[in-house]
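Colleague: I am new to this structure and would like a close look at a single part. Could you take me through the sheet and the helices around it?

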Amino acid sequence: MTLCERYIVNDVQPNDAAAVGTAVRQLLADSLGYLPAAALRVVARFGVADHLAGGPRTAGELAEMTGVNAGHLARVLRFLASRGVFRQDETGAFHLTTAAAMLRSDSPLPLSPTVLLFTDDLYWRPAGKLDEAVQSGGTRLGEIFGEQFFDHLATNPDRARLFDDALATMSMTEQDAIAASYQFPETGTVVDIAGGLGGFLRAVLTVNLGLRGILFDQQPVLDRHRLDDPATKDRWETVRGDFFESVPADADFYVLKRIVHDKSERDALRILGSCRKAMTERSRLLIIDAVVPTGEDCPPSIALSDVLMLAVFEGKERTAAEYEELLAKAELKVNRIIPTPTSLSIVEAVVA
C-alpha cells in the first residue's frame, strides 16, 4: 500500500499523490521557517544590501567589507538568492533585487529596521515557547525577560528606538490608503494617540487641508517626529503625555492605530477610558486595527498577526463583536466599521 493509498483508506485529505507531496513540502518547510528569518537578520545586521548599491559583488568581497566569515556568508546569500531576495550570477557574484534593495539604509521604504525588530530576541524567544503559551494561556515573554513587552521597551532605549523605526516603516506601506478610506469633515482637530513618528497624522493632514493635528506620545519619540512638511505647515503640534493617564481633551477625532491589538484587555480599557474622558458627544474614536472575519477563512496576514499577539504580546486581533464588547466596557459603542485596502479596518466609536 502506498502512502497516498493509506491517506485514502484513512479518509484523510489529501487524496492524490501530488497533493500529498505538496502537503509534505509545506509542513517541512514551515517547520524550518525560522531559517529564512535568521538569514534575513544576517544581511540586515551587517548591511549587506548597502554594499551592493554600487553593483554586484562576490561573497568574499562582501565579507571583507562587513567583517564576517566569507564561506558562511556565501551560503546564507545563496540561500536567500534561492528565495528571490538576492540574485547570484554565473560568476558567483550577488546582485540586488527589488526585495534586497528595500534592505538598503537609504531605501525609500527601508525595511531593515523591521526585519531586525521581528528577528530580535524580544520576538524570537517568546515565539519559540508558543507551545507553552498555548498551554498556559499567556505569553512567556515576561518569564524570559522579567517584564512584559512595553515595560521592557521603557528601560531599553535602543530596542525602543528600533521598535519606533520599524513601526514607522510599516506605517509607510499603509498610511495613505487608510487616510483616504475615512471621510473627515472640512475642519476639526485630530489627535493621533501614541502616533509614533507621525507618519499617519501627516498623511491625514496632507489630504485634509482644513484639519489640525496633535501628535501625542512620549518625549523621546516626539523628538524624532516626521511632521515637518510644507503640506502640513502650521497645522500640527506635539503633546507629551501618557495615554494611561490622560489624552488631550475636546478634540473631534482620536486615533488609535495599531495600539489596542497588542495590549491586554486591562491596558486596552485603561487607554479607552482615557479617550472616553477626553471625548465630547461630537467626538469620534478611530481604532485602526485588523477586524477578524467570522464565518469565513481568516486572511493570512490577520491570522499571522493574531498569533504574534499571542506569542509576544498580551493582546489579540478581535472580531466586530469583540470590539463591541470591549468598547461597551469603556462606555463607548461601535458606530460603524470601515474596511480599507490594507489588512486593517477603521472601527469608528462614539460615546455610549
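Modeller: Happy to! One term is needed before we start: contact here means heavy atoms within 4.5 Å. Please also keep in mind that this is a predicted model.

Let's begin with the sheet. Seven strands form an open sheet with mixed pairing, and their order is β5-β4-β3-β6-β7-β11-β10. At the edges you will find β5 (236-240) and β10 (332-339), each of which pairs on one side only. On average, and with direction ignored, neighbouring strands of this sheet are turned by 25° against each other.

Now pick out one pair within that order. Strand β7 covers residues 284-289 and strand β11 covers residues 345-351; the two pair in the antiparallel sense, over five bridges.

Next, bring a helix into view. Helix α15 (residues 199-207) lies across β3 (188-193), β4 (211-217), β5, β6 (253-257) and β7. Its direction is at about 175° to that of β4. The loop between β3 and α15 holds Ala194. This residue is not a glycine, yet its phi has a positive value, near 55°.

Is Arg258 buried or exposed? The cut-off for buried is under 20% relative accessible area. Arg258 has 17% relative accessibility, so this arginine counts as buried.

Helix α17 spans residues 265-278 and helix α19 spans residues 320-329; their axes come within 9 Å and cross at roughly 60°. Angles from 65 to 115 degrees would count as roughly perpendicular, and those under 35 degrees as roughly parallel. The two helices are therefore oblique to each other. The crossing of α17 past α19 is right-handed.

Which residues of α17 and α19 meet? From α17 come Glu265, Ala268, Leu269 and Leu272, and from α19 come Leu326, Leu327 and Lys329. Sorted by class, this contact has five nonpolar and two charged residues, with no polar ones.

How values were computed:
Residues numbered from 1 in each chain as written. Predicted model: local features only at pLDDT ≥ 70, side-chain atom pairs only at ≥ 80, totals over all residues. Heavy atoms only, no water. Axes fitted to C-alpha atoms, helices over the stretch in contact; angles between N-to-C directions. Helix = DSSP H or I, 4+ residues; strand = E, 2+ residues; numbered from the N terminus. Parallel < 35°, antiparallel > 145°, perpendicular 65-115°, else oblique. Left-handed = near helix turned anticlockwise from the far one by under 90°. Nonpolar A, V, L, I, M, F, W, Y, C, P; charged D, E, K, R; others polar. Pairing = 2+ DSSP bridges. Buried < 20%, exposed > 50% of the residue type's maximum accessible area, 1.4 Å probe, protein only.
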